[in-house]
Amino acid sequence: MMKKTQNSNTTEPKKPRKKIKLIIRIIFYGFALIAAIHIIHMLTFDRIIQYKRLTFCSENVTDEIDGYKIAFITDTHFITPTKLTNIVEMLNAENLDLMLLGGDYSMSMANNYVAEMSAQIEILSSVKTADGIFGVDGNHDYPRPLFEAMHDFGITPLPNTGMYISDTFFLAGVQDFHRGASVISAIKTSRNSDFVLLISHNPDLSMSQNTVGIDLILSGHTHGGQATFFGLWAPYFTFTKRVSAHGQRFRAGFSESADGVPVFVSRGTGEYVPRVFARPQVVIITLAKT
C-alpha cells in the first residue's frame, strides 16, 4: 500500500496580512481615542475660564512698581453677562493695580454691536483697580462708539497714544493693526529708562513696526488657535494666513517681536465655539525687578 504524502500546496495563514489588519486596527482606535479626548476637552475644560498668573521680570521695573499687579482681558466675543460678572467678582478680590482691555468686545454688526459692546464695557468698568482701566480696539470693533462707551464708563482708551501710570511706568496702546496702528505715536513721549508696556490687539504688528524701547507687548486676536491638536498646533494657522501671517508664532503665550521684545498673546476670554485645547483665559501679570 502506498503511503499518503503531505500536500505541499497546503499553506499556513498569511501572517503579514494579519499584521497589516492589526496595524490598521491600532491606527483606527488611536485616532478614535485622540478624537474622543479632543471632543471631551472641548465640551468640558475648554468651557472653563483659566486665570493664568505669570510674573514678568524686567531691568526697567523699579522699586516703585515691583510687585505691580495687572489684569489683561481680550476677545470677549459671545461671553454671557453672567460669566463676565463672575470674572469681575474674581478680579475684585485680587487687589489689582491696573486692568487692560485688548479689544474685540462683540462680533455683531452696527446697532447690535453697540448694544452688546456697551453692556460688556459697563460690566468691566466695575473692576476695582488702584490706577484705572485702559483699553484698545480690535478688528471686530467700531472705534468711535467703543471709545465713547469707554469714556462714559470711566475707562481710558489708548488709540495710538500713551501716558504715565507712575514716574517710571509708561502705558501705551495702538489702534487695530489694519486700522492705522502706530507704535511710534503711542510711545513717543516715553523715556528709555521707563518700563514701557504696549497693548496691541493683533500681535502681527510687532513684526512690521519698530518695537525698540518697549519692554512688554500684550495682545490677543488669535484665540489660542481656536481648535488645536493638544494645544500644540493650530491647523488653521498652518493652512491660512487670515488670522496671522506668522504661522504658529503668535498662537498663544510668550513669543517675541521682530526686534526681540517679549510679546504675550492671550487666548482671549470669549465663548466662541469650538474651542479645542484653547481654554479661555484671564491673564494676571505681576511685575518684578530682575
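Trainee: Let's start with Tyr113: buried or exposed?

Mentor: Tyr113 is buried, as its relative accessible area is 0%. Buried means under 20% relative accessible area, exposed over 50%, and partly exposed in between, with a 1.4 Å probe and protein chains only. Bear in mind that this is a predicted model, where local features need pLDDT of at least 70 and side-chain atom pairs count only at pLDDT 80 or more, while totals for chains, interfaces and linings use all residues. Residues are numbered from 1 along each chain as its sequence is written, and side-chain values use heavy atoms, with hydrogens and water left out.

Trainee: Got it. How many aromatic pairs are there?

Mentor: The count is 11 aromatic pairs. Rings of Phe, Tyr and Trp (its six-membered ring) pair if their centres lie within 6.5 Å; planes under 30 degrees apart are stacked, over 60 edge-to-face, and the rest tilted.

Trainee: And how are the rings of Tyr113 and Tyr142 placed?

Mentor: Their centres are 4.9 Å apart and their planes stand at 55°, so this pair is tilted. The two tyrosines come from distant parts of the chain, 29 residues apart: Tyr113 sits in helix α3, and Tyr142 in the loop between β4 (133–135) and α4. Those element names are DSSP runs numbered from the N terminus: helices are H or I with at least four residues, strands are E with at least two.

Trainee: What does Tyr142 count as for accessibility?

Mentor: Tyr142 counts as partly exposed, at 32% relative accessibility.

Trainee: What about Tyr164 and Phe170, how far apart are the centres of their rings?

Mentor: They are 5.0 Å apart, and with the planes at 75° the pair is edge-to-face. Tyr164 is partly exposed at 29%, whereas Phe170 is buried at 0%.

Trainee: Which residues form one aromatic cluster?

Mentor: Phe56, Tyr68, Phe169, Phe195, Phe254 and Phe264 do.

Trainee: Switching topic: how many residues has the largest nonpolar core?

Mentor: It has 26 residues, and Ile73, Ile87, Leu91, Met99, Leu101, Ile121 and Leu146 have the most contacts inside it. A nonpolar core is a set of buried Ala, Val, Leu, Ile, Met, Phe, Trp, Tyr and Cys residues joined through side-chain atoms within 4.5 Å.

Trainee: Which elements supply at least two residues of this core?

Mentor: β2 (69–73), α2 (81–91), β3 (98–101), α3 (110–124), α4 (143–152) and β12 (281–289) each do. Helix α3 gives the most, with 5 residues.

Trainee: Zoom in on Leu91. What is it in contact with?

Mentor: Setting aside neighbours within four places in sequence, Leu91 is in contact with Ala71, Ile73, Leu96, Met99, Val127, Val282 and Ile284. Contact here means heavy atoms within 4.5 Å. Another core lies apart from the largest one and has 24 residues, including Ile65, Leu158, Phe169 and Ile199.

Trainee: And Ile49, where does that lie?

Mentor: Ile49 is in the loop between α1 (15–43) and β1 (50–58), and it is buried, with a relative accessible area of 17%. Beyond its neighbours within four places in sequence, the contacts of Ile49 are Ile79, Ile87, Thr269, Arg279, Pro280, Gln281 and Val282.

Trainee: New one: what is the phi of Asn95?

Mentor: The phi of Asn95 is near 55°, a positive value in a residue other than glycine. Asn95 lies in the loop between α2 and β3 and is exposed at 67%. Asp104, also not a glycine, has a positive phi of about 60°; it lies in the loop between β3 and α3 and counts as buried at 1%.

Trainee: How many cavities of 30 Å³ or more does the count come to?

Mentor: The count comes to 1 cavity. Residues lining the largest cavity include Val183, Leu198, Asn202 and Thr211, and α6 (205–208) and β9 (216–219) are the elements that give two or more residues to that lining.

Definitions and conventions. 1 Å grid on protein atoms, 1.4 Å probe; cavity = no way out; pocket = protein on both sides within 12 Å on 5 of 7 lines; lining within 4 Å. Points joined across faces, edges and corners; volume = space filled by probe spheres on them.
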